[in-house]
Amino acid sequence: MSEFWLISAPGDKENLQALERMNTVTSKSNLSHNTKFAIPDFKVGTLDSLVGLSDELGKLDTFAESLIKRMAQSVVEVMEDTKGKVRENLLANGVDLTSFVTHFEWDMAKYPAKQPLASVVDTLAKQLAQIETDLKSRTAAYNTLKVTLENLEKKSQGNLFTRTLSDIVNKEDFVLDSEYLVTLLVIVPKPDYAQWQKTYESLSDMVVPRSTKLIAEDKDGGLFTVTLFRKVIDDFKSKARANKFMVREFFYDEKEIKREREEMTRLLSDKKQQYQTSCVALKKGSSSTFPDHKVKGPLLRWLKVNFSEAFIAWVHIKALRVFVESVLRYGLPVNFQAVLLQPHKKSSTKRLREVLNSVFRHLDEVAAASLLDASVEIPGLQLSNQDYFPYVYFHIDLSLLD
């Protein structure tokens, strides 16, 4: 399973024996895999300050978990068609998340344990806040670029009535800079090609003979040029429409076409260089293509590095919560043992909870009695649904993509 139970009990002889009993029972019954969870000796400060830190750490825990889930989802979105390899990119310090949690060691260099607890918490909070700020700006830029490219792709892949023509037409297809003549583009259904060739010159006065040419096709029809005098444009459009030939509203503007082509090339280059997509060559006479092959770009690299940092910070927050709650629950001097339990399967969690409540019942008889007798329902009291137990308990769920 991808969930862990991080618990602690007082470190006196009686409770160390209780922990041994718990290990024996859970091992024999194949309920969970248990390992010691090392937490350094922090500067305790005052109990009042610990109460404040307990509340602050609870909020920071929730924020950190939300942040790493958002980052995991961002990795899914960036990897697009290689989603099957997402978990390979969600690592902590170069190892899979389960290994990191089960072999957790406090990072003294990054979060010195000799500092006041409030300073350590502040360092973690600022680190996570900065990661979130960067995540928002980077994903916003990525999504803007992605939407723009998707819109351009739709324009380049539509039918002849709607698609962009910048990658189809050529300057040579048009009569330009003429005071009297103009070249129009006409969409002709495929079954009517022969009819178009026979009739286009007579649809209106002043149509230039033999001026039509097929320059593009889709599954339904073709795009033909025709040159005529400007003064008969409206009449020609009307007669063409009556014959099921549709004039496409388009006038060749070399500067605009060049700008559109350069914009597409620039956006594709940006996505390749800054994100994850291979480059695309825009070829005359064909629609742009967006290849399936993806390469790891800076956004994915940033997500991998900072997901790791955020996840590591999150587990350090869990360790701090166990320390603070254990001192508040068990008192001074600091003396407790933290243990990490990994339930073997979902169906065994109820039995595992019963074992823990039975072994540590003496720490809080009222809570243990309420939890062990789960069949008793007292209106307004739902202890069995709350994360309060005779022992200190925190949940770590690694199902970040569910």
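**Figure 1. Asp220 and its charged neighbour Lys219.** At 46% relative accessibility, Asp220 is partly exposed (buried means under 20% relative accessible area, exposed over 50%, and partly exposed in between, with a 1.4 Å probe and protein chains only). Lys219 has a relative accessible area of 70%, so the residue is exposed. The two residues form a salt bridge, with their closest N and O atoms 3.4 Å apart (a side-chain nitrogen of Lys or Arg within 4 Å of a carboxyl oxygen of Asp or Glu). Side chains of opposite charge can pair when their charged atoms come close. The model is predicted: local features need pLDDT of at least 70, side-chain atom pairs count only at pLDDT 80 or more, and totals for chains, interfaces and linings use all residues. Residues are numbered from 1 along each chain as its sequence is written, and side-chain values use heavy atoms, leaving out hydrogens and water.

**Figure 2. The salt bridge between Lys318 and Asp61.** The whole structure holds 19 salt bridges. In the one between Lys318 and Asp61, the closest N and O atoms are 2.9 Å apart. Lys318 belongs to helix 9 and Asp61 to helix 2 (residues 47–79), so this pair ties together parts that are 257 residues apart in sequence. Helices (H or I, at least four residues) and strands (E, at least two) are DSSP runs, numbered from the N terminus. Both Lys318 and Asp61 are buried. Arg321 joins them in a network of salt bridges.

**Figure 3. Lys136 and Glu132 within helix 5.** Their side chains meet in a salt bridge, 4.0 Å from N to O. Both residues lie in helix 5, four residues apart, about one turn of the helix. Glu132 has a relative accessible area of 16% and is buried.

Figure 4. The search of the whole structure finds 21 aromatic pairs (rings of Phe, Tyr and Trp, the last by its six-membered ring, with centres within 6.5 Å; planes under 30 degrees apart are stacked, over 60 edge-to-face, the rest tilted). Phe100 and Phe311 have ring centres 6.0 Å apart and planes at 70 degrees, so their pair is edge-to-face. Phe100 and Phe311 are both buried. Phe174 and Phe250 also have ring centres 6.0 Å apart, but their planes are at 45 degrees, so this pair is tilted. Phe174 is in the loop between helix 5 (117–157) and strand 3 (181–189), and Phe250 is in the loop between strand 6 (246–248) and helix 8 (254–274), so the pair ties together parts that are 76 residues apart in sequence. Phe174 is buried at 9% relative accessibility. Phe250 is buried at 15%.

**Figure 5. An aromatic cluster that includes Phe100 and Phe311.** Phe37, Phe42, Phe100, Phe104, Trp106, Tyr111, Phe307, Phe311, Trp314, Phe323 and Phe336 form one cluster.

**Figure 6. Arg353 over two rings, those of Trp5 and Phe389.** Arg353 lies over the face of Trp5, 3.9 Å from the ring centre (the criterion is NZ of Lys or CZ of Arg within 6 Å of the ring centre and within 35 degrees of the ring normal). The charged end of Arg353 also sits over the ring of Phe389, 3.9 Å from its centre.

**Figure 7. The loop between helix 5 and strand 3, with Leu160 and Asp167.** Leu160 is found in this loop. At 2% relative accessibility, Leu160 is buried. Setting aside residues up to four places away in sequence, Leu160 touches Ile187, Ala216, Glu217, Asp218, Gly221, Gly222, Leu223 and Arg248 (contact means heavy atoms within 4.5 Å). The C-alpha atoms of Leu160 and Gly222 are separated by 7.8 Å, and the two residues are 62 residues apart along the chain. Asp167 lies in the loop as well. It is buried at 13% relative accessibility. A polar contact of 2.8 Å joins the side chains of Asp167 and Arg163 (N or O atoms within 3.5 Å; within protein, one must be able to donate a hydrogen and the other to accept it, and residues adjacent in sequence count only if both atoms are side-chain atoms).

**Figure 8. The setting of the close-ups.** The protein has eleven helices and eight strands. Of its 402 residues, 46% are buried. Among contacts with a separation of 6 or more, 78% involve residues 24 or more positions apart.
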